[in-house]
Amino acid sequence: MIEIVFDTETTGIDYSKGHRIIDIGCVEVNNYVPTGRTYQVYINPERIVPEEVVKIHGLTNEFLKDKPVFKDIVDGFLEFIGDKPLVAHNANGFDVPFLNFELKNAGYPPLKNKIIDSLEIAKKINPTCNSLDDLCKKYGVDNSMRTEHGALLDSVLLAEVYMYLTGGKAPKLDIFTHVETIEHHYREPRNFPLSEEEEKNFALYMKGLDKIAKKAGNSQLWAEMNEVYDSSK
């Protein structure tokens with residue numbers, strides 16, 4: 001199943017007080033595996049970004065002033081997501097209400113996509129430690145590049161965390177040399193080589209991850225996976 005993992009950055013936490021979206025990032029996944037298709041855009045909010053908010057994501061008024069406004073990017077965004085399910089951390093409490101507010105202002109109907117809130121899933125597993133940073137730490141996802149919030153990078157991280165939350169793969173992607181364990185999932189390590197078809201599929205998988213990591217500003221994000229794989233052959 002193809003899904004869109006996404007994130008937004010805004011000028012503040014309450015759209016009803018005039019705050020706007022300034023950054024949208026999306027990662028397409030197919031059965032939890034990134035396809036290599038991403039979408040990212042910065043948006044001129046047509047208002048001042050408070051200094052305390054700039055400290056969170058680093059997107060300054062100077063940087064955003066020549067970016068397109070939401071009505072100019074909305075068609076491209078809607079074309080990318082289509083009718084696919086949307087996954088976001090606190091989707092129902094933040095990202096989707098903000099998007100629907102922007103869509104309404106631009107003269108568009110609200111989103112009709114199926115919404116999957118990964119925060120709600122995480123709270124069922126751990127009611128107290130369920131932020132994206134908490135989950136990255138829990139599942140061993142490298143978030144060292146997350147010195148500031150950014151919609152595409154956070155979407156990349158969430159895409160991997162989402163796999164763990166839904167039982168999509170084993171911790172640290174040790175799929176070749178270690179026992180897979182996640183929640184109630186268990187499998188002995190394989191002791192036979194990959195087939196030619198598996199080699200091809202894995203190469204495509206790594207190509208997609210590398211493309212996403214470079215767009216998110218971290219070209220080394222997935223490099224260790226190749227090292228693990230090469231040493232296990």
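A residue is called buried when its relative accessible area is under 20%, exposed when it is over 50%, and partly exposed in between, using a 1.4 Å probe and protein chains only. By that rule Cys136, at 1% relative accessibility, is buried. Cys26 is buried too, because its relative accessible area is 0%. A disulfide is a pair of cysteine sulfur atoms within 2.5 Å, and this structure holds zero disulfides.

Before we go further, a word on what you are looking at. This is a predicted model, in which local features need pLDDT of at least 70 and side-chain atom pairs count only at pLDDT 80 or more, while totals for chains, interfaces and linings use all residues. Residues are numbered from 1 along each chain as its sequence is written, and side-chain values use heavy atoms, with hydrogens and water left out.

Let us begin with the whole chain. The protein chain has nine helices and seven strands; helices (H or I, at least four residues) and strands (E, at least two) are DSSP runs, numbered from the N terminus. Of its 233 residues, 47% count as buried. The chain exposes about 12,400 Å², and carbon and sulfur atoms supply 51% of that area. Accessible areas come from the Shrake-Rupley method with a 1.4 Å probe, and for residues only the protein chains shown count as cover. Now look at contacts, meaning heavy atoms within 4.5 Å. Among contacts between residues at least 6 apart in sequence, 64% join residues at least 24 apart.

Two strands pair if DSSP finds at least two bridges between them. Strand 1 is joined by nine bridges to strand 2 (residues 21-30), and the two run antiparallel. In this pairing, Thr10 stands opposite Ile21 of strand 2. Strand 1 also pairs with strand 4 (residues 86-88), this time in parallel and through two bridges. There, Val5 faces Val87 of strand 4.

Strand 2 has a further partner. Seven bridges link strand 2 to strand 3 (residues 33-42) in an antiparallel arrangement, and Cys26, the buried cysteine from the opening, stands opposite Tyr39 of strand 3. Strands 2 and 3 form a hairpin with two residues between them, and Asn31 in the turn has a positive phi of about 50 degrees. Tyr32 is also found in the loop between strand 2 and strand 3. Its phi is near 75 degrees, a positive value in a residue other than glycine. At 26% relative accessibility, Tyr32 counts as partly exposed.

Val29 is buried, at 1% relative accessibility. Val29 and Ile4 are 25 residues apart in sequence, yet 6.3 Å apart in space, C-alpha to C-alpha. Leaving aside residues up to four places away in sequence, Val29 touches Met1, Ile2, Glu3, Val5, Pro34, Thr35 and Ala159.

Glu46 is not a glycine, although it has a positive phi of about 60 degrees. With a relative accessible area of 54%, Glu46 is exposed.

Next, turn to helix 5 (residues 118-125), which is where Ser118 sits. Is Ser118 buried or exposed? At 0% relative accessibility, Ser118 counts as buried. The side chains of Ser118 and His89 are joined by a polar contact of 2.7 Å. A polar contact is a pair of N or O atoms within 3.5 Å; within protein, one must be able to donate a hydrogen and the other to accept it, and residues adjacent in sequence count only if both atoms are side-chain atoms. Apart from residues up to four places away in sequence, Ser118 touches Val87, Ala88, His89, Leu158 and Leu165.

Our last stop is helix 7, residues 151-165. The expected span of a helix is 1.5 Å times one less than its number of residues. For the 15 residues of helix 7 this should give 21 Å, and its end C-alpha atoms are 20 Å apart, which agrees. 15 of the 15 residues of helix 7 are buried, so this helix is largely enclosed by the rest of the structure. Helix 7 is followed by Gly167, whose phi is positive, near 75 degrees.
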